[in-house]
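Please open the model in your viewer and keep the selection panel at hand. The stops below go from one selection to the next.

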Amino acid sequence: MTDSSKLQVAIIGAGIAGLGAAIALKHHPAIDVQVYEKASELREIGASIALGPNGMRTLDRLGVQNALDDEIAFRNKSKYPMIYRHWKTNEIVSTDSHVGKVEYRHLTSRFYRAHLQEALAKHVDPSKIHLSKAFQSVKFDSATQKQIITFTDGTTATADIILGADGIHSPVRTFFVPTSSTAWTGWVAFRSVFPVSHVAHIKDLPDEANHFWGPDRTFFVSKLGRDLFTVVGSYQADPNAPDAPYKDSTWNSDGNVDTIREFYKDWSPLVRQIVDAVPHTRVYPNSSAHPLETWILGDGKVTLAGDAAHAHGGAFAAGGSLALDDAWAFASSILHVFPVDAKKKPTDAEIQKALRIYERTRKPHTDRLMKVVHENNLKKIAQYSPDRKPETDEQLRARIKNRADPSWIHEHDVQAAFAQAVAAESASQATTNGQARL
């Protein structure tokens, strides 16, 4: 039950961003957080997920210590975030490195998505999570001064603030910005998660997260928590080609292991052995969208988080950390205008101020990321075009070594960005007040 005497925050979506925001707000005695999830059970769709130091630090700040445990978080023993290998020789061509000082518990980690969601859900009161609640619409009720959310089953809920954390094809985003849409990038991932026993017999099996690069595709392998192993194969097509393979495939659909075996039949014996041992695979067509003009919607009472806000298509394995940083920044912005010791609920103007601070904290960073992603998508289409002259081995090695440094993404300091956003908001308000006195 919602409590109208408190500030009512409705979170649409019980994924990483939604649960993270609920955790970040749960200790405020005058905030009533309710989470609405369209699925009939709390089950994360997906395979493996990576969190960089920024995401791991945010988990730490949220108090989700169980997610930092080695039981479910797999970290490379070398402490390299990623190791890059040659498709034919298996040799290590390059590695990513952490730029700043990173404590062990904050090292880049790989999770089975379901384990991470389960770890987050343990910190949210189950009575606050409402399943089988698919968002349909929202309208403002002038009598109660509340947002009235309607779900597809005909039920309703009230809220003062709505956070749309409902994924890449967000109904909340589409309701408020009908022109927003995602498009297939042409990239398709073939993801598998299975017990490590399936590949334990393979000599020289990588015991860290490794990314093999070839002329026309990549191949990722890593251990995960609880004795699991993940394999991610890939295929790049021209999304504009009318006959492009997988053009009409759907997210998390059944795949064929024979397909990925064909993809990697000419790769090293090690890669072929791993692929041959894969028991099943699922297909994940990659989609992305262009940045929204603003995240402040619904007359200053609605905003977005995670893929709903910045559908970047999972590039740089950054989505999980982005979602957690969004969650923390959203909650911190609300708590800035409505601290725990506040004597009264925030005004509409204060709520709008909170959402401006949130947007200032996150949108410049995610807009920059999305710009890079779109540029890279165009490069990949050209790189893997069948009309392109084959890449030499020397060129491949140079491409691996000269890849973009992702540390600005994975080690982004959301706390510093929030402090800057608060300062900018204060300066803007001071300027506005000064002009008003003239």
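**Starting at Phe-330**

Select Phe-330 and display its contacts (heavy atoms within 4.5 Å): leaving aside residues up to four places away in sequence, Phe-330 touches Val-9, Ala-21, Leu-25, Ile-161, Leu-163, Thr-303, Leu-355 and Tyr-358. This is a predicted model, in which local features need pLDDT of at least 70 and side-chain atom pairs count only at pLDDT 80 or more, while totals for chains, interfaces and linings use all residues. Residues are numbered from 1 along each chain as its sequence is written, and side-chain values use heavy atoms, with hydrogens and water left out.

Next, widen the view to the largest nonpolar core, where Leu-59 and Phe-330, among 74 residues, touch the most other members. Such a core is a set of buried Ala, Val, Leu, Ile, Met, Phe, Trp, Tyr and Cys residues joined through side-chain atoms within 4.5 Å, buried meaning under 20% relative accessible area with a 1.4 Å probe and protein chains only. Helix α7 (residues 319-337) supplies the largest share of this core, nine residues; helices are DSSP runs of H or I with at least four residues, and strands are runs of E with at least two, numbered from the N terminus.

Now select 53-62, helix α2, which is largely enclosed by the rest of the structure because eight of its ten residues are buried, including Met-56, Leu-59 and Leu-62. Gly-63 follows α2 and has a positive phi, near 85°.

Finally, colour strands β9, β10 and β11, which form an open antiparallel sheet in that order, pairing requiring at least two DSSP bridges between two strands. Six bridges join β9 to β10 (residues 146-151), and Phe-140 has Gln-147 as its bridge partner in β10.

Methods: Buried means under 20% relative accessible area, exposed over 50%, partly exposed in between (1.4 Å probe, protein chains only).
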